[in-house]
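Hello,

Here is the structure I promised you. Please open it first, then read my notes below.

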Amino acid sequence: MAKHQLLSTVERRETLPESYIRPESDRPRLSEVMTDNNIPLIDLTSPDKERVITEIGLACQTYGFFQVINHGISEDLLEKVMAVGLQFFRLPAEEKAKLYSDEPSKKIRLSTSFNVRKETVHNWRDYLRLHCHPLEEFLPEWPSNPESFKEIISTYCHEVRLLGLRLLGMISLSLGLEEDYIEKVLGEQEQHMAVNYYPQCPEPDLTFGLPKHTDPNAITILLQDPKVAGLQVLKDGDQWIAVNPRANALVINLGDQLQALSNGAYKSVWHRAVVNAAQERMSVASFLCPCNSAVISPAPSLVADEDAPVYQSYTYDEYYKKFWSRNLDQEHCLELFRTPKLQ
Ligand code: OGA
Ligand code: NI
C-alpha cells in the first residue's frame, strides 16, 4: 500500500486536510491576482519571420513565457490528449496503485503533490510523469490502460518535440546566436512529461496545486485545460498574473537552463498552479531537458568582455540532482550556481 494516497482515488472532501494547509504567509491570496491581457501571443505561421523572432526575444526578456498559436499540432490531437489524461486519472484505485511511486528518479511513475519525501506541506495535485525520448525505449513501460493512451500520447510527444526544437532555434536566433546553437549545447535532449490532475479543492485559498517554482529544464510546453484557469506567473517580482487558457494555444516557458545559457538575459520565471472549488483541472507539461552530460554555461558572445559570466558552468546532471534534493519553493535553484562576486 502506498504511503501517500492519491487525491484522485479518494472521495471528495468537505474540508482541506491539515497536511495541505499552508501557513498564513504562504497562501495564494487569490483576490490579489490580476489578469493581464497582454501576455505575448505568437502566431507561428506569421509570414514576417524576423518579427516573430523579435517578439519571442521580447517575451523571453520580460515575461519569460508566451503562448503560441498555429503551432502545427492539431486541435483534434490536443483534445484527445486531454481526454485520455482525464480517463487515466479516473481509472480504478487498484490500477493506479501499480504505477505509484515517491521516488523522483523513476522514469515512469504516478505520484501526488510534488516531492512528498522532502516537502512539509502537500500540494493538491496528482501527476503522472513519463520519460518520452527515445520513445521506443520508454513506450513499453507506459500505462497500457486506457487502451489508446500510448498511441495518443506518443503522437503528441513526437509533435511537441519538433515544436520545442523549432522554438529553441528561434530563441537562439533571438539571442543573436546561430540557429542551432542551443540545440548543440544541450546535446541529445531528454523529454519528460507531467500529466497533472488537480481535483476540485474544498478550500482553494489555503493551498496550491503546485507552489511557486521555476522549471529546471530548458523549455516547457504546457497544454492547459481549455476551460479551467489555474496557471499563474510572477511579473516584475511581485505581481501574480493568471494565464487564462486560450483555445488551441500552448504556453511556452523558459526553464533555468535557458536563463543560464543566455547569461541571465532571458528569465526562467516563477510560476504556480492554483486550484478551485468548482472544477477539477488538467494540464500536460512537456519538458525538453539537456542531456545529463551537457555542460551549461553562458554563451561567450553574451558575456561582455570585462565581465565574468553570471553563472558558473556545470553539467545538467549536477543541476538536476540539486533541484530534486530541495523543496520546490526555495530560492531559485540557479542562484546556487551564480559566479561569486570578487571583492
Ligand atoms: C509544471 C507546471 C503548471 C500547470 O508542471 O511544471 O508549472 O498549470 N504546471 O499545471
Ligand atoms: Ni512548472
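Which residues in H1 meet which residues in H5? Val 52, Ile 53, Ile 56, Gly 57 and Cys 60 in H1 meet Leu 167, Met 170, Ile 171, Leu 173 and Ser 174 in H5. Contact means heavy atoms within 4.5 Å. These residues divide into 8 nonpolar, 2 polar and no charged. Ala, Val, Leu, Ile, Met, Phe, Trp, Tyr, Cys and Pro count as nonpolar, Asp, Glu, Lys and Arg as charged, and the others, Gly among them, as polar.

This is a predicted model, where local features need pLDDT of at least 70, side-chain atom pairs count only at pLDDT 80 or more, and totals for chains, interfaces and linings use all residues. Residues are numbered from 1 along each chain as its sequence is written, chains are lettered from A and ligands numbered from 1 in the order written, and side-chain values use heavy atoms, without hydrogens and water.

Next, the nickel ion (ligand 2). Its protein donors are His 213 (NE2), Asp 215 (OD) and His 271 (NE2), at 2.1 to 2.2 Å. Donors are N, O and S atoms within 2.8 Å of the metal (3.2 Å for Na, K and Ca); water is not among the atoms, so sites may look incomplete. Along the chain, the donors follow the spacing H-x1-D-x55-H. His 213 and Asp 215 are both buried (under 20% relative accessible area, with a 1.4 Å probe and protein chains only).

Ser 8 is also buried, with a relative accessible area of 18%. Ser 8 touches Phe 89, Lys 96, Asp 126 and Tyr 197, leaving out residues up to four places away in sequence.

Best wishes

Notes:
Helices (H or I, at least four residues) and strands (E, at least two) are DSSP runs, numbered from the N terminus. Buried means under 20% relative accessible area, exposed over 50%, partly exposed in between (1.4 Å probe, protein chains only).
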